[in-house]
Amino acid sequence: MRPVTSSYSKSDPAAAVRATTNAPHAPLARELGSLANVSGPNGIYIGWRPADAADERRHRLLAEVTVGLERTKAMLARLGPDLAQSGLLAAFETRAPATYLHACRVAEGAVALASRIGLPAMEVSGIGRAALFHDIGKLAIPLHILDRPGSLSDDEMAILRLHVTIGAELLAGIPVLAATAPIVRATHERHDGSGYPFGLAGSTIPVGARIIALIDAHDAMTARRPYGTPLSWSDATAELVRCAGTHFDPDVVQAWSTMFGGESMPAVAAVAAGA
Ligand SMILES: [Fe+2]
């Protein structure tokens with residue numbers, strides 16, 4: 001993208017509209033409903049001229065994420081630190097109910113595995129909290145990406161991957177949840193260093209993130225979805241074993257398959273179903 005600037009007179013609104021609607025921030029301007037939000041001081045507009053149509057699409061997606069992030073931050077600012085945690089969860093449950101239930105199941109599994117491994121109680125509850133909020137960054141991801149049943153383009157996948165960084169940023173700003181931020185940020189790192197966002201490997205990945213990554217993958221494979229057939233509990237465990245040492249910490253996989261490989265933990269699913 002090439003940075004460009006253009007200026008317009010505030011006494012000529014038509015020129016301002018042209019300057020804005022010709023720019024890649026046009027969707028952002030429409031969403032915000034105010035030119036003032038995209039114009040700088042003294043009517044100077046600063047933006048980027050896209051190199052091609054794909055570049056413009058990319059820019060539009062980023063603008064959508066920016067709007068989502070700012071909307072969430074504005075909500076947190078209005079609620080204040082005491083209500084931030086429940087406000088985030090309420091917004092999450094409302095916007096993405098299936099993902100919210102997934103996060104509840106991952107928290108349940110992460111607490112069970114972390115305590116069976118023998119981690120201290122304080123660390124176990126911190127890991128559980130991080131698991132509950134591990135997908136909270138998806139609040140800023142556009143729903144047309146989040147709810148897409150088919151495969152995503154490379155650009156859309158790159159946008160989806162931003163959820164760990166966005167989630168960590170949101171959590172770091174809430175005192176009671178700040179300790180979960182480094183764990184959430186690392187939940188898509190892989191044992192062999194091929195994950196994101198930093199390519200951390202082995203024990204440089206926080207243990208909570210290694211546990212959550214495993215439960216997250218197991219739940220994704222076994223959960224009922226509107227498309228595709230879920231794997232059985234033991235087939236999903238076999239897949240984790242297959243990826244031990246590449247995606248997942250082999251010690252964590254070993255602990256999981258020994259302690260929970262043949263045993264489901266249906267508490268959240270049972271409550272959700274009214275059983
Ligand atoms: Fe997840």
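I looked up how helix α5 (residues 97–117) packs against helix α6 (residues 121–132). Their axes lie 8 Å apart, at an angle of about 160°. Axes here are lines fitted to C-alpha atoms over the stretch in contact, and angles run from 0 to 180 degrees between N-to-C directions. So α5 is roughly antiparallel to α6, a term for angles over 145 degrees. Helices are DSSP runs (H or I, at least four residues), numbered from the N terminus.

This is a predicted model: local features need pLDDT of at least 70, side-chain atom pairs count only at pLDDT 80 or more, and totals for chains, interfaces and linings use all residues. I number residues from 1 along each chain as its sequence is written.

Next I checked the handedness. α5 and α6 cross in a right-handed way (the near helix is turned clockwise from the far one by less than a right angle).

Then I listed the contact, which needs C-beta atoms, placed from the backbone, within 7 Å. From α5 come A103, C104, V106, A107, A110, V111, A114 and S115; from α6 come E123, V124, I127, G128, A131 and L132. I sorted these into eleven nonpolar, two polar and one charged. Nonpolar covers Ala, Val, Leu, Ile, Met, Phe, Trp, Tyr, Cys and Pro; charged covers Asp, Glu, Lys and Arg; the others, Gly among them, are polar.

I turned to α6 and helix α11 (residues 207–222). Their axes are 10 Å apart, at about 50°. The pair is therefore oblique. This crossing is right-handed. G126, I127, A130 and A131 of α6 meet G208, I211, I212 and I215 of α11. I count six nonpolar, two polar and no charged residues there.

Terms used:
Helices (H or I, at least four residues) and strands (E, at least two) are DSSP runs, numbered from the N terminus. Angles under 35 degrees count as roughly parallel, over 145 as roughly antiparallel, 65 to 115 as roughly perpendicular and the rest as oblique. Two residues are in contact if their C-beta atoms, placed from the backbone, lie within 7 Å.
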